[in-house]
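Student: Hi! Could you walk me through this structure with me?

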Amino acid sequence: EFDKDGRPPHSFQCYIVAPESIDNDIAQTIFDKKPVGIKCLGEVEIDVNDKGGFPHTMRFSRAVEVPIELKIQVKVNVFAAENVVEEIKTNLMNFVNGMKNGEDVILTKMYSYIHKVEGVEETSELLIKAKDRDFEAANVICSPVEYARVTKERISIEVVDYVDL
């Protein structure tokens, strides 16, 4: 009988976000921490030697990156800094790129990171594009093996003046 993710009994699978250059360290850590008699699963296979010099194949998987794009329109007042766009991008990158495996990108949480920047009066548009969808005002749901990431190049910000009528 398999669990809901298709793994056999007495097994586990690690989903890793890390550069390939530390694969040996990851495999060694799995070997050091895994319970005896429990099998590790995954596509990446690394041999680790025990204290007696005998090899053991450790396995793990790479988590799947979900690249997201953001399209934003903000209205700013006269006190907005010249680098308002860069500050917003930095805030949003820190938020999204700090997420762990399985954490969903919640659209409404992003507003606070935009409004932390001095001079931003209103976010009149905030749209996300991910997973083969068009830009929309929606959350990005990540499975336990996925993690969201964004780069400055994938954040488009239009700045317009805020007019107090």
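Predicted model: local features only at pLDDT ≥ 70, side-chain atom pairs only at ≥ 80, totals over all residues.

Student: Okay, how many residues does the largest nonpolar core have?

Tutor: It has 28 residues, and Ile68, Ile72, Ile88 and Met110 are those with the most contacts inside it. Strand E7 (69-76), H2, H3, strand E8 (120-129) and strand E10 (155-161) each give two or more residues to this core.

Student: Which element gives the largest share?

Tutor: That is H2, with 6 residues.

Student: And what is Ile68 in contact with, leaving aside its neighbours within four places in sequence?

Tutor: Its contacts include Val96, Val105, Met110, Ile128 and Val140.

Student: New topic! How many aromatic pairs are there?

Tutor: A search of the whole structure finds 1. Phe95 and Tyr113 are stacked, 4.5 Å centre to centre with 25° between the planes. Phe95 sits in helix H2 (residues 84-97) and Tyr113 in helix H3 (residues 107-115), so the pair links parts of the chain 18 residues apart.

Student: Is Phe95 buried or exposed?

Tutor: Phe95 is buried, because its relative accessible area is 12% and the cut-off for buried is under 20%. Tyr113 counts as partly exposed, at 24% relative accessibility.

Student: What lies over the face of Phe135?

Tutor: Lys71 does, at 4.5 Å from the ring centre.

Methods. Residues numbered from 1 in each chain as written. Heavy atoms only, no water. Phe/Tyr/Trp six-rings, centres within 6.5 Å; stacked < 30°, edge-to-face > 60°. Helix = DSSP H or I, 4+ residues; strand = E, 2+ residues; numbered from the N terminus. Buried < 20%, exposed > 50% of the residue type's maximum accessible area, 1.4 Å probe, protein only. Lys NZ or Arg CZ within 6 Å of the ring centre and 35° of its normal. Core = buried A, V, L, I, M, F, W, Y, C linked by side-chain atoms within 4.5 Å. Contact = heavy atoms within 4.5 Å.
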